[in-house]
Amino acid sequence: QERAVSGTVTDETGLGLPGVNVLIKGTTQGVPTNADGTYRISVPGPDAVLIFRFLGYTTQEITVGSQSTINVEMQPDIADAGEVVVTALGITRDKRSLGYSVQEVSGDDVNRVKTDNIVSSLSGKIAGVQITNGSGPGSSSRVVIRGVNSISGNNQPLFVVDGTPIDNSNFNAGGNGGGGVDYGNAAADINPDDVESVTVLKGASAAALYGSRAANGVILITTKKGTKRKGIGVTYSTSVTFNDPLILPEYQNEYGGGYKQTFDTYEGEPVVNYAADESWGPRMDGQMVRQWYSWYPDDPDFGKLTPFVPHENNIRDFYETGVTTNNNVSLAGGNDASRYRLSMTNYTSTSVIPENKLAKNTISLNASTNLTEKFTASTNFSYINLKNDNIPGNGYGSGAGNVVTSFNQWFQRQLDMDKLKNYQTADGVDRTWNIKSPTDLDPLYWENPYYVLNNSTNDMARERVFGNISLRYQITPGLSVQGWARTDFYTDRREQSIASGSIPQDAYSESVRQFRENNYELLVQYQKVFDNELDLSINAGANSRQSKYNSNGASTVGGLNVPNFFNINASIDRPSITDYESNQEVNSVYGSASLGYKGTYFLEASLRNDWSSTLPADNNSFLYPSVTGSVVLSELINLDVLSFAKVRGSWSQVGNDTSPYQLQLTFDGQNNYGSFPAYSTPNTINNPNLKPETITSQEVGIEFSLLDSRVGADFTYYHVSATDQILPLDIASTTGYNSTIVNAGEMVNKGIEVSLRGTPVRSENGLTWDVNFNWARNRNEVIELAEGQTNYLIASWGPSINAKIGEPYGTFVTDGFVYNDNGDKVVTDDGYFERATNQTYGSYLPNWTGGFTNSFSYKGFNLSAHIDFQDGGTLYSVSNRYGTYSGMFQTTVGTNAKGNPIRDDVSAGGGVLADGVKSDGSPNDVYVDAQEYFKHLSSRREYYLYDASFIKLREVRLSYSLPQSMLSTLPLNGVDIALIGRNLAILHKNVPNVDPESAYGSGNTQGFENGQHPSTRSIGFNLTFRF
Amino acid sequence: CTGDFEELNTNPNDPVSVPTAYLMTSAQRSAIYSFNTTGMLYAQHWAETQYTSTSTYETEEASFNGYYTGALADLQTIINLNTNEATKGAAAASGSNDNQIAVARIIKVWLFQEITDIWGEIPYSEALAGVDNITPAYDTQESIYTSLVNELEEAAAQIDVNAAGMEGDIIYGGDMAKWRKFANSLRVRVGMRMSEVAPAVAESVVSSALGADVFADNSDNALYAYLSDAANDNPYYQHFLTRTDYAVSDVLVDFMKQRNDPRLPVYANTTGDNTTDEIVGMPYGVSEAIAGSVTNASISFPGDFVRSATSAGVIMTHSELLFLQAEAIARGWVAGDAAATYNEAILSSMEYFGVDAADAAAYLTEAAVVYDAANYRQLIGEQKWLALYTNGMESWSEWRRLDYPTLMPAPNAQEGREIPRRRAYTSREYNLNEANINAAVDRQGADVMSTRVWWDN
């Protein structure tokens, strides 16, 4: 008696599970569940047995009996390692069927300890993903997956949230290494509280369907969604952390400001050399002297002599304890037809540097509903409002000077921060220690640090909306079509003020950047299972991407006509204007087909064609393929110990276009001369004959788990070659131009990734100990540049970083020591190191990176600790260079081999003996003046190149979930309490005085440390209540 | 794909064509940003107050990129647009084609002489060709000088004072007669530079040029007028708004004090930020430790006359022409009264710097100033060195040619170096134009500061 049975198949959260195979046992008949997890099938009679099968879940068999409705909740199959992962285009796939490496981090892992940048939460958690963190609220974090591919372009991965590409621009000025204000990378807008999971698609194979922009990998973020439940699930979580500097330089506390160890006199009284921003001065032995503040009539010590003594903690006292708070409320729920989740987050963070504060509010909505049985509408949107006030400058780049550059590089050690806290006179005049002279109290090189932070500000605000709306139509159980309209839109506004009376001319500038990217996407999906053995799925899609960027700004010129009136109208001269627009459109069609046989053999191929507006009309179309395959060995070999094993391999290509306006020659606008307009020829010759770039990637891997999946391992080897790169080729400037845009160059990355996991303890009494370890080594080599070109300059500030043929990307070239055949440094007859110019040193790229997590759980308690590490990578530390040049750091004092202070006169037995040999090979025996020694050393920059290796205790979290028994009388479903700590300790490093980790924005200029803001240690707590 | 799709890559930010006048304005503005400060430091007019690397000759190499990619590229574009049949019609809106080309050629000569004087051999005949020749050959300085003379002769001849003058011209406001005077006066400078290596050529060039229409008084001076707005003001004014890196050197101050030179209060402010009556020079070429101990209050900074917002950029003055003429007379190349011309040259300089006529006349009677035919090189060298204050490049070059005044190397010169005779090429050139630069170095001698350029012997 044939009759119909129907029902819904849900996952463990109650969400309808599409694509589950519903089969009648012993036959070849079957249907897949549709989009909302429902199915309908005809069965021969009550004896029929239905098999519910879905990869990654335990297969269930249910005898029909008299039932006409059979609802099934599928249970994840842990033993099968059958994780479902989100892959390109948001298609969920059984991990076992993939021919490439995919690693996923859960939202809990990302959220464990709150940071203001989701990128930094990934530090050390995924093999082959290198994160470099900046310091200070809202600063940039840089992420590089499997090394850098592009010589001159973007090397950041594509960020995708629920299918919507999220712009990750970094509009920081000054990418040369000299510094600037770090306004952060735009992907930091993604709210960690809304993240369900992060999947990293590492290679071109995984990302091929995303096209050219995914060449550096994809960070695929899936947000939390509502689940079917009774009532509304309310979750409230709050966390507070306190931040303090993790590391400050070791300063010397023996000698104060000046260039010589005696005081000059002024009108008969000893005076400090106020103009000196160095500490080669007299001993801080308490001698009475006119200090800087004694010249200010408003100071209690006006006209007085005060003791010249050290203030050992003057710099540490400057920093404050920063406070970060995060509050999130979410409402989630759903019924048979609809699901929703609404979430609101408020995040605030104050910096350890006074006056800097970041505030971020996020509202996000995720909803879907079945309009009819076959029509599903869904949407998700986030609105972000970010404000970062008074962002301190880095290095030398910001308008009114970076206070940290002063502390680390140019300062007088005796200075008393308490005296400096009174930073301006009643009239608002800067009270600085670095006065020009007793008769001229204007600042020479450095202002009072508090004056800068209070009066000369860098502010930014960004408002952003991203998300999509989508309609899906299930044509037949196996065939669906879905369309999306997506947008990512933001306005980013910046204001920079330089107070009147500052060293630079007073000024005000503001800029507004508008970015919009719209994507219109159509995807047809077809799935069919043949004979219960052969799984076929086909995807075909089309995408149109339109992006538009506008930047409008104005700066005052020639000062402000009313002091401290910060408005463009206050410009004394005609203000300078920026008016920039760029437009780009890329249209694409793509398709992929995958075939699985008996859950054992998998093969997948994809093809994509792009048309880009930025390439020449006759060369703007490019097609690229990928092929991947895998074999599940554990289906073929029956070993008790082996729970799961798979080998995989892939080959793929991705084409790439370029940025707009690289084809045609145009003239550069200059400031008017009076009423004369001025234009100049550009410095770069554009090229009307460009063709697309190509990235070819290959990878093989093996993954397995043993002992009931208590031990798991994954190994990957990859080789990526990026060719025909579009880059500016440097040409002799005597041509009238500095560069010309060409297709040239090849760069190769090859590497190994290892991730291991294990559960050493899983005891009956509930104690579990989990271990996760990952490690990756990447080798980068610049193989080829344009014909005749051997070096491409990436950036230069003192040393240069370069793409040099035969060397890794980011190789430093600078001046250093001369070595003899024995490897000893050669010293000249007058006792100084000889200097070798234009030497090639290491690259900023690390040798290997990784992370190690241990977590213990016992009856509601959970303790986890995460360590991450990096080996190698070169860091140039300007703080160390100038901190020694200026006699500020501890290394510039001490005694020499004769037992005398090195700062004593050489004639009195002082001085420094350079550690080297003379040209005849005999040991150097010429002592030189300490100040001259360190000043000479500063031009042997090799000395300030360091190995940036580190091991950091990145995160520790101790949490406790209240047992249900305690909650039964309360209207609560759960309470979690956690103590959290981030950046707790640097367990190992080789760079003195500064943190070896120092992101310089998220661009390709890396490996420079220049008055870096101190990295911070955060300790706090987190409370979560579920109602 | 639609037509819109291809239109999308049309740059909305920068135009594909502009009037050549706009390029001329840009070219002149970037031309005046030269190596002037380095010249002032090498000629010891100024001293560095704290970071003394330039005045202790620390860095041998220097880059000529800015000359080629700045003014020279714009000037070449102006010449090309006025020469090409397809564009010369449209370009004529900014002045007659010939007049525009002539002005561009004259400025090119001024700059190319400056470049070759700094480095010696440089790319010249094959330069400025863009992608058509990305490795231009280096030319010998002798051949460059020959060409510079020809260029000036042809440019002067090309000028038609009755046709439309150059638009966008900051230097002479399109006055083509003045451009012709400048071309001829510049020819005297170029010619005289060859006095020690090719005296016969020098004589013929100088005498021919002096016979043409040259500067008659200070109103003919080739000056770049800075404006008061921040985008166009004098770079020294900008510099001293925020920095105090350069003071007047003790060498110059002492030299002028010995001669009671009435220009001294114009050249230098008094100490204590112009609050005292004293003018004190900054010790020249000392180590940074020594320089750092000299307080700003105790030394004199350059005078307001030369570093106000609108202080002119000096290209060539009537005074300089008169010194060249006096030297030509002294050498017997042209007729005239060397002493009188020498005195006129000094008075012209005094007039330029706003010195009272009576003070100027008194100065001519100073024992160390009075002209002495037997010693013309020294006197002309010294007085010209004083008159060329603010024109650093020319001061350094003329010191190298005449070896007067007697200057001592920086006391704390790095690695015991002498006063530089040229600058070395940068590694960028070795990377990008290796064969040609190596050939130049083979001909010219080691690529160091102490190697002399062709005309300097």
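**Ground rules**

I'm working on a predicted model, where local features need pLDDT of at least 70 and side-chain atom pairs count only at pLDDT 80 or more, while totals for chains, interfaces and linings use all residues. Residues are numbered from 1 along each chain as its sequence is written, chains are lettered from A and ligands numbered from 1 in the order in which they are written, and side-chain values use heavy atoms, with hydrogens and water left out.

**Entry 1: cavities**

A cavity here is a set of points, on a 1 Å grid over the protein atoms alone, where a 1.4 Å probe fits but cannot get out. Grid points are joined across faces, edges and corners, and a volume is the space filled by probe spheres set on the points. I got 18 cavities of 30 Å³ or more. The largest cavity comes out at about 460 Å³. Its lining (residues with an atom within 4 Å of a point) has 30 residues, and the closest to the centre are A:Asp116, A:Gly134, A:Gly136, A:Asn983 and A:Thr1016.

What is the lining of the largest cavity made of, by residue class? I found three nonpolar, 20 polar and seven charged residues. For the classes, Ala, Val, Leu, Ile, Met, Phe, Trp, Tyr, Cys and Pro count as nonpolar, Asp, Glu, Lys and Arg as charged, and the others, Gly among them, as polar.

Next I looked at which strands supply that lining. Strands (E, at least two residues) and helices (H or I, at least four) are DSSP runs, numbered from the N terminus. In chain A, E18 (233-245), E24 (338-350), E57 (950-961), E58 (974-989) and E60 (1016-1026) each supply at least two lining residues. E24(A) gives the most, with three.

**Entry 2: two open sheets in chain A**

Two strands pair if DSSP finds at least two bridges between them. I traced an open five-stranded sheet with mixed pairing, in the order E10-E16-E17-E13-E14 of chain A. E10 (102-106) and E14 (164-166) of chain A each have a single partner strand, so one side of each has no neighbour in the sheet. The twist averages 25° from one strand to the next; axes are lines fitted to C-alpha atoms, for helices over the stretch in contact, and angles run from 0 to 180 degrees between N-to-C directions.

Inside that sheet I checked E16 (195-201) against E17 (218-223), both of chain A: they run antiparallel, with six bridges. A:Val200 sits opposite A:Ile219 of E17(A).

A three-stranded open sheet, also mixed, has the order E4-E1-E7 in chain A. Its edges are E4 (38-43) and E7 (72-73) of chain A, each with a single partner strand, so one side of each is left without a neighbour in the sheet. E1 (3-10) of chain A joins E4(A) through six antiparallel bridges, and A:Val5 has A:Ile41 as its bridge partner.

**Entry 3: hairpins**

I followed E51 (848-858) of chain A both ways. Ten bridges tie E46 (768-784) of chain A to E51(A), antiparallel. E51(A) also pairs antiparallel with E52 (861-871) of chain A, over eleven bridges. A:Asn854 is the bridge partner of A:Val771 and stands opposite A:Ala865 in E52(A). The E51(A)-E52(A) hairpin has two residues between the strands, and A:Lys859 takes a positive phi near 45° there.

Then E34 (571-597) and E35 (601-612) of chain A: twelve bridges, antiparallel. In that hairpin, with three residues between the strands, A:Lys598 has a positive phi near 55°. E35(A) goes on to E36 (621-632) of chain A with eleven antiparallel bridges, where A:Arg608 is partnered by A:Tyr624.

**Entry 4: a helix pair in chain B**

How do H6 (97-119) and H8 (176-192) of chain B cross? Their axes come within 11 Å and cross at roughly 30°. That makes H6(B) roughly parallel to H8(B), since angles under 35 degrees count as roughly parallel. The crossing is left-handed, that is, the near helix is turned anticlockwise from the far one by less than a right angle.

Most residues other than glycine have a negative phi, and most peptide bonds are trans. A:Glu355 has a positive phi of about 80°, in the loop between E24 and E25 (357-370) of chain A. B:Tyr404 and B:Pro405 are joined by a cis peptide bond, omega about -5°. I placed B:Pro405 in the loop between H20 (392-402) and H21 (427-432) of chain B.

Methods: 1 Å grid on protein atoms, 1.4 Å probe; cavity = no way out; pocket = protein on both sides within 12 Å on 5 of 7 lines; lining within 4 Å. Parallel < 35°, antiparallel > 145°, perpendicular 65-115°, else oblique.
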